[in-house]
Amino acid sequence: MRGKGQSPLKTNWKDILTALIGCYITIFVLLELTKVTNTIWFMAPFGSSCILAFALWNGPLSQPRNIIGSHVLTSAVGVIMLKLFGNEPWAIALAVALAIALIMITKTTHPPAGANPVIIMLGNYSWHYIITPVLIGSLIIVIFALIINNLRSTRKYPTFWW
């Protein structure tokens with residue numbers, strides 16, 4: 001339990017500034033869209049997705065396939081489980097477990113999406129929630145990650161698509 005060595009994470013001021021700007025712009029746009037359209041464009045896991053997309057942009061869990069695929073798949077599991085079993089604690093726990101298994105099987109693992117079944121089931125959301133905020137919000141995160149990460153010559157995002 002003591003662990004060995006030091007954290008392998010490396011940061012510099014350019015990376016911190018890129019993450020700060022990328023996260024700020026993305027979250028601001030999602031929240032402004034929510035405000036001006038009266039439609040939900042933002043959900044809490046998107047904050048964590050931005051950390052991965054801008055601060056750990058080159059990791060396998062930060063790629064477009066993972067961000068979009070994982071959010072959509074886990075949300076679909078949440079809606080299906082809600083429709084079948086309601087939002088009982090055991091059903092929510094099973095939904096999260098099944099969602100995690102599904103994104104591992106499909107190689108679309110993206111940890112923030114693990115919260116989606118909980119949000120959907122506790123909020124009693126329907127199929128529409130998968131389109132907005134989940135799908136469209138995920139696409140917006142990826143679009144901003146593509147633009148902002150690639151403004152720097154030292155970053156090539158994504159490292160893979162499929």
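**Exercise 1. Work out how the radius of gyration of the protein chain compares with that of a compact globule.**

Solution. The radius of gyration is taken over C-alpha atoms, and the globule rule is 2.2 Å times the number of residues to the power 0.38. With 162 residues, the rule gives a value near 15 Å, and the protein chain has 16 Å, which agrees with a compact globule. The C-alpha atoms fill a box of roughly 50 × 50 × 30 Å along the principal axes.

This is a predicted model, in which local features need pLDDT of at least 70 and side-chain atom pairs count only at pLDDT 80 or more, while totals for chains, interfaces and linings use all residues. Residues are numbered from 1 along each chain as its sequence is written, and side-chain values use heavy atoms, with hydrogens and water left out.

**Exercise 2. Describe the secondary structure of the protein chain.**

Solution. Helices (H or I, at least four residues) and strands (E, at least two) are DSSP runs, numbered from the N terminus. The protein chain has six helices and zero strands, so that its pattern reads α-α-α-α-α-α along the sequence.

**Exercise 3. Find which residues of helix H5 are buried, and where they lie around its axis.**

Solution. Buried means under 20% relative accessible area, exposed over 50%, and partly exposed in between (1.4 Å probe, protein chains only). In H5 (residues 116-123), the buried residues are Asn116, Pro117, Ile120 and Met121. Seen down the axis, they fall within an arc of 115° (from the directions from the helix axis to the C-beta atoms), so they line one face of the helix. These buried residues pack (contact means heavy atoms within 4.5 Å) against helices H2 (45-55), H3 (64-85), H4 (89-105) and H6 (128-149).
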